[in-house]
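Here is a short briefing to read alongside the model. Keep the viewer open and follow the topics in turn.

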2 protein chains.
Amino acid sequence: MDEIKVAILGFGTVGEGVYKTIRSHERELTAVLGKKVVVAAVLIKNKEKKRNISEKILITTDFNEILALPNLDIIMEAIVEKEPSFTFLKKAIKKGCHIVTANKEMFAHHGKELMKLAKEYNVKIGFEATVAGGIPIIQTLQQLFKINRVHEIQGILNGTSNFILTEMREKKQSFATALNLAQEKGYAELDPTNDVEGNDAFFKLMILSRIAFGEEPDWNDVDLEGITSITSELVENAERLGLRYKHIASIVRKGNKLVGSVKLITVGKLHPFYQVEGVENAINIQSDIVGSITLQGPGAGMFPTASAMIEDLVFVNEKQNLQKVGYEKTNDPITAVI
Amino acid sequence: MDEIKVAILGFGTVGEGVYKTIRSHERELTAVLGKKVVVAAVLIKNKEKKRNISEKILITTDFNEILALPNLDIIMEAIVEKEPSFTFLKKAIKKGCHIVTANKEMFAHHGKELMKLAKEYNVKIGFEATVAGGIPIIQTLQQLFKINRVHEIQGILNGTSNFILTEMREKKQSFATALNLAQEKGYAELDPTNDVEGNDAFFKLMILSRIAFGEEPDWNDVDLEGITSITSELVENAERLGLRYKHIASIVRKGNKLVGSVKLITVGKLHPFYQVEGVENAINIQSDIVGSITLQGPGAGMFPTASAMIEDLVFVNEKQNLQKVGYEKTNDPITAVI
C-alpha cells in the first residue's frame, strides 16, 4: 500500500498528541486517505529527554536530516515562536512538502508569505490548529461561509487565560496559583507571557481577520491587553454583581476600517461567553445572512489541538488527491454510506 | 457570462428568503462561482396569492413546466412534507439537476435513495438546511470531522419549540399564546404539529445520525416526546429550582447500538444548552480526539435557513466544477487574498 510520510516538528504537548493520534487512529486515516500514514521523523530540541517514540523513527535535533528524507509528504509543525519554524517551513515547501502547522505566532507573522510560496510550489498549508485548538473555526469560515459577509468576530481565544480566570473565580485562588496549575496541566506554554499578556489571542485574532475579512488592521492600532492586571478582589467584586471577567478578542468592520481589540472585560449572564469556562474557547461570528453563530470547544490541551492537525492532515492530502483523481472519494466511509 | 440557472420550489418563508438572498448577494455569488446565478422559475401552490417576484421569472403551479426548462442547473427545494417533493426531486435528478433541499421530513425518509440516485446521475445534493437552520452542522460533521469518532450528539433542533419554551418562561405566557406568536413570526409551520410533537426534531436527528454514525437506529426504538405536555405551572416550578425546560434530541453509540431520544427535560446552569434561548438551535458533538464541540445559532427564520441553502448552492456547484477544472478556485476572494 502507498504511504503518506510525515515528519513531526516539536514533541511538546501538541507534537506528542499528533504522534499518539496518528497511531491510535491508523485505521480511520487509512480508510479516509486510502494510504497508510507513517511518521518518518520527529524533530526534537533536547536529545537527553526520554520520549516514548518507536525506534524505527528518525529522532533528530537537525532539521536538515529530516529535509533529506526521500519522499516526505507532510510536515506537521508544533513548535513555538517565529524562528526557526518559518525558515524550516520555507525549506520544506520548496522541497514539495505539504504543511500542517499549529504555530500561531509564526503564522500570524508569516502566513501570507508561506501561502504565496505554497501556491508557487503547488503544495497546501493547513493551519486550523493555529486558532482555538479543536474548534474547526478556520475551515468553517473558509469553506462554509462563502457568501455570508462577516461583520464581526469575537472570541475567547486563549484557553490558558480563560482557565486562570475560571479557577480564580470558582476556587478563589490567586493569579499565581491558577497560572501554576495551568502550567502543570500542560495548558500554558513554559513561558506563559504570550498567554497572559494577550499576544497569543492577538495572533489568533489576526489569523481570523485575514480569513474573515481578507485583511488585517494595522497591528499597532489594535488595543492589546492581557489578564495580568486581574486580582482575586476584582474577580470577587464582579461576581457579587453577577459579572464574570472574560478575556475577549474582537474584530469588527466599521465602514472601510477594521477595528480590533484584545481586552479583559466583565460580562453579564446574557453575553454568549458568560458560561464559557476553563480551557474552553468560543468564537462568535456575526454575518449578514445567517446572523450570529457561535462555536465552542476545547482551546488547549494535547488532543484537541492534535485533532485539528490530524483533520488538516486529511484536508491537505485530499486537496492534493483532488487535483490528481477528481473529487469523488471512494474511500470515504461517510460518503459511501449515504 | 455563463449562468447558473436555478428553480426555487416553494415560496414560503424559506423559499422567499432564498429568492431575496440570491438577488441581494448577486455580487458575492458571481465572485465565488465565476458565473451569475439566475432564478429561472418558482414553483408555487396558490396562483391567487400576491408575491413580489420579478416578471421575467416563470411562476407556475406545474412542476413539469419547470422540468421542461432548458439547461436548468439547480433545484432549490423549500417545500414541506414528503410528497410531492420526493417525486419532484427524483425527476430533477434524472434530468441532471443538482439539488439543494431544506425539507427534513422528506430527506429523513428518502435521503438515502436520493443520494444513491444522485450518484448514478452524477449530480450533487446539498442538505445543510435540513438541520438547524443556519448552523453549518452537516458540513462540519462531513468535512471537518473525518478522523474523529463521534460518540454522542445532542441538540436543540427545533427552533419553534425552544422559542415557545423560552417565551413561556420569560414572559409567563401560556403554551397557546407562545405558539401563536411563533406562527406570527414565521418560525412555526402553518400546521405546527411536526414542531411541537417532536417529529421535526426527530427527522433532523435521524439525518445527523446518518452523517455522524453512518447509520440510524430503528425509528420505532427512538423515544419520541414533544413539548405539548408543558404548562405554565411546570415552567414556573422548574424556574424556582433554577432549572429550565429544554427539548433535547440525542443519539449515542452504546456498544454496537445507537440509542436515540427526543425528550422534554429540565437542565441546570451547567448544561451546555441552559442558555440556548428563543429560536436558537444548538448541537453538541462528543468525539474521541477533540472532545466536546458545541455549535449554536439561529435554527429557524427566513434568512438563516436561506443562508444554509445559498452556501449549499455554492457547495454543490463547486463540487461540479472540481470535476471539470481541478480544485484551485481562481475566483475565491478568500483563497486569493491569503
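In chain A of this predicted model, the C-alpha centres of domain 1 and domain 2 lie 27 Å apart. Domain 1 covers 3–133 + 302–337 and domain 2 covers 137–298, with bounds that come from an automatic or database domain assignment. Local features need pLDDT of at least 70 and side-chain atom pairs count only at pLDDT 80 or more, while totals for chains, interfaces and linings use all residues. Residues are numbered from 1 along each chain as its sequence is written, and chains are lettered from A and ligands numbered from 1 in the order in which they are written.

**Where the domains of chain A meet**

- The contact joins 15 residues of domain 1 of chain A to 20 residues of domain 2 of chain A; two residues are in contact if their C-beta atoms, placed from the backbone, lie within 7 Å.
- On the domain 1 side, the elements giving two or more residues are helix H5 (104–120) and helix H12 (302–325) of chain A. Helices (H or I, at least four residues) and strands (E, at least two) are DSSP runs, numbered from the N terminus.
- H5(A) supplies the largest share of that side, five residues.
- By class, the domain 1 side has eight nonpolar, four polar and three charged residues. Here Ala, Val, Leu, Ile, Met, Phe, Trp, Tyr, Cys and Pro count as nonpolar, Asp, Glu, Lys and Arg as charged, and the others, Gly among them, as polar.

**Chain A as a whole**

- Chain A has 13 helices and 12 strands, and its C-alpha trace spans about 65 × 50 × 40 Å along the principal axes.
- The radius of gyration of chain A is 20 Å, which agrees with the value near 20 Å for a compact globule of 338 residues; it is taken over C-alpha atoms, and the globule rule is 2.2 Å times the number of residues to the power 0.38.
- Buried residues make up 51% of the 338 in chain A. A residue is buried if 20 or more other C-beta atoms lie within 10 Å of its own, exposed if 12 or fewer, and partly exposed in between, with C-beta atoms placed from the backbone.
- A:Glu239 sits in helix H11 (residues 232–240) of chain A and is partly exposed, with 15 other C-beta atoms within 10 Å.

**Helix H7 of chain B**

- Helix H7 (residues 159–170) of chain B has 12 residues and reaches 16 Å from its first C-alpha to its last, close to the 16 Å expected at 1.5 Å a residue; the expected span is 1.5 Å times one less than the number of residues.
- Because 10 of its 12 residues are buried, H7(B) is largely enclosed by the rest of the structure.
- The buried residues of H7(B) include B:Phe163, B:Ile164 and B:Leu165, and the packing partners of the buried residues include strand S7 (150–156) and helix H8 (175–184) of chain B.
- After H7(B) comes B:Lys172, whose phi is positive, near 50 degrees.

**Between the chains**

- The contact takes 48 residues from chain B and 49 residues from chain A.
- On the chain B side, H12(B) gives the most, with 10 residues.
- That side of chain B has 24 nonpolar, 18 polar and six charged residues.
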